Amino acid sequence: MRIHISVAQQQLSLYADDGSLLRRYPVSTAKAGVGECCGSFQTPRGRHLIRAKIGDTVRFVAVDKGHNAETVPGMLPDGAESLAGKPNEEIILTLDAEGVYGIRCKPHYGLGMVALIIAGEPVNLQAAEKVKAPGKAGKLFKELFAEAEK
Ligand SMILES: [Cu+2]
């Protein structure tokens, strides 16, 4: 299975392993287009791995409707508090514990709307890797974990 998102057409296409199109869905990417600059209100492309310092804060800004940001159960360092934003809610996550923080948008988890934040060293990586994530999220987290070890 493969998912392709066209920003130009605002469309998500789901393909089977043999390359045939299974379904198309309308999607809404950021109003400001695509880009990877911090605070640009653009849709960043590719996988989302954030390296931060212990004590840093990460702000999740609601750029378009229907998404939330929350920590993934089991993908948190020891002593870190879980956080769950409501749809369209801006939340601030404080990275007070060292390790990896798995982040997801709950409604689009299976589509791979995830990110991984590393504060300091990825000390809880092995525990985080044991968490089962659905669909595309599982594949992306696997890639992000591999990158986190570098
Ligand atoms: Cu979402």
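**Asparagine 88**

Asparagine 88 is exposed, because 12 other C-beta atoms lie within 10 Å; the classes are buried at 20 or more other C-beta atoms within 10 Å, exposed at 12 or fewer and partly exposed in between, with C-beta atoms placed from the backbone. The residue belongs to the loop between β6 (70–71) and β7 (91–94). Strands (E, at least two residues) and helices (H or I, at least four) are DSSP runs numbered from the N terminus. The phi of asparagine 88 is near 70°, a positive value in a residue other than glycine.

**Basis of the model**

The model is predicted: local features need pLDDT of at least 70 and side-chain atom pairs count only at pLDDT 80 or more, whereas totals for chains, interfaces and linings use all residues. Residues are numbered from 1 along each chain as its sequence is written.

**Phenylalanine 41**

A positive phi, near 60°, is also found at phenylalanine 41, a residue other than glycine. Most residues other than glycine have a negative phi. Phenylalanine 41 lies in the loop between β3 (21–26) and β4 (49–52), and counts as partly exposed because it has 13 C-beta neighbours inside 10 Å.

**Nonpolar core**

A nonpolar core is a set of buried Ala, Val, Leu, Ile, Met, Phe, Trp, Tyr and Cys residues joined through C-beta atoms within 7 Å. The largest one has 24 residues, and those with the most contacts inside it are Val100, Tyr101, Ile103, Leu116, Ile117 and Phe141. At least two residues of this core come from each of β8 (99–104), β9 (114–119) and α2 (135–148); β9 gives the largest share, six residues.

Leucine 116 is in contact (C-beta atoms, placed from the backbone, within 7 Å) with Leu49, Val100, Gly102, Phe141, Leu144 and Ala148, leaving aside residues up to four places away in sequence.

Note on methods: Two residues are in contact if their C-beta atoms, placed from the backbone, lie within 7 Å.
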